[in-house]
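Here is a short briefing on one protein chain. It covers fold, salt bridges and surface patches.

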Amino acid sequence: MAPSSPRTRAAAALRMKQIALDNQSRTIRRLRAQLATERRGLATMKKELEDTQVALGASHKVIAGLTEIGFSMSKKIEKMKVKKQQAKASHVECHQKFQARIQEVEDSMQAQHLIIEALVEEKDSLLQTIQGLQEANDAPSPFDDEWEEEPEEHPDEEEIEDIPLGEGEIDDE
């Protein structure tokens with residue numbers, strides 16, 4: 001047995017080395033497969049990252065556009081508020097002018113009414129004087145049964161519209 005022993009040992013050692021090499025080969029193949037899988041996963045992640053960056057860039061552009069639109073709308077809203085305030089102020093001014101003009105017309109109408117009343121009283125006084133003079137001269141009264149007092153006139157809305165506008169005229173422009 002002695003002479004076969006080194007051969008057996010050498011064969012066993014060789015066999016062990018072969019098994020170790022086979023194990024190392026399997027490990028290398030398994031590690032290469034894992035490396036390939038990791039590389040594919042990394043490539044997928046890199047593609048996803050690029051897509052996310054593109055989407056993020058597009059989102060930033062959309063946000064910038066919406067911000068610009070919002071800013072523009074805010075400016076327009078402020079302009080509309082200013083125009084509304086100006087229109088309101090103009091309306092108030094126009095209303096005040098119109099009310100002043102109405103008051104002028106009413107005052108004028110009241111003054112005319114007072115003048116008419118004074119004229120009617122003066123006319124009545126003159127008629128009485130004429131009748132008194134005619135009675136003193138024994139002359140017939142020319143106004144007997146023919147005189148009818150004119151009804152008092154009340155201006156209609158149409159007559160108010162016919163009054164010409166002077167100062168304080170309201171323009172629709």
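Helices (H or I, at least four residues) and strands (E, at least two) are DSSP runs, numbered from the N terminus. This is a predicted model: local features need pLDDT of at least 70, side-chain atom pairs count only at pLDDT 80 or more, and totals for chains, interfaces and linings use all residues. Residues are numbered from 1 along each chain as its sequence is written, and side-chain values use heavy atoms, with hydrogens and water left out.

**Fold and exposure**
- The chain has two helices and zero strands.
- Helix H1 spans residues 4–136.
- Of the 173 residues, 2% are buried (buried is under 20% relative accessible area, exposed over 50%, partly exposed in between; 1.4 Å probe, protein chains only).

**Salt bridges**
- The count is four, a salt bridge being a side-chain nitrogen of Lys or Arg within 4 Å of a carboxyl oxygen of Asp or Glu.
- Glu93 pairs with Lys97 at 3.4 Å; both lie in helix H1, four residues apart, about one turn of the helix.
- Lys47 and Asp51 form another, at 3.3 Å, N to O.
- Arg101 bridges to Glu104 at 3.2 Å. Arg101 counts as buried because its relative accessibility is 16%, whereas Glu104 is partly exposed at 42%.

**Nonpolar patch**
- Val62, Leu66, Ile69, Met73 and Ile77 make a nonpolar surface patch of about 480 Å².
- Patch residues have over 30% relative accessible area and no salt bridge; like charges are joined within 9 Å, nonpolar side chains (Val, Leu, Ile, Met, Phe, Trp, Tyr) within 5 Å.
- Accessible areas come from the Shrake-Rupley method with a 1.4 Å probe; for residues, only the protein chains shown count as cover.
- Leu66 has 54% relative accessibility, so Leu66 counts as exposed.
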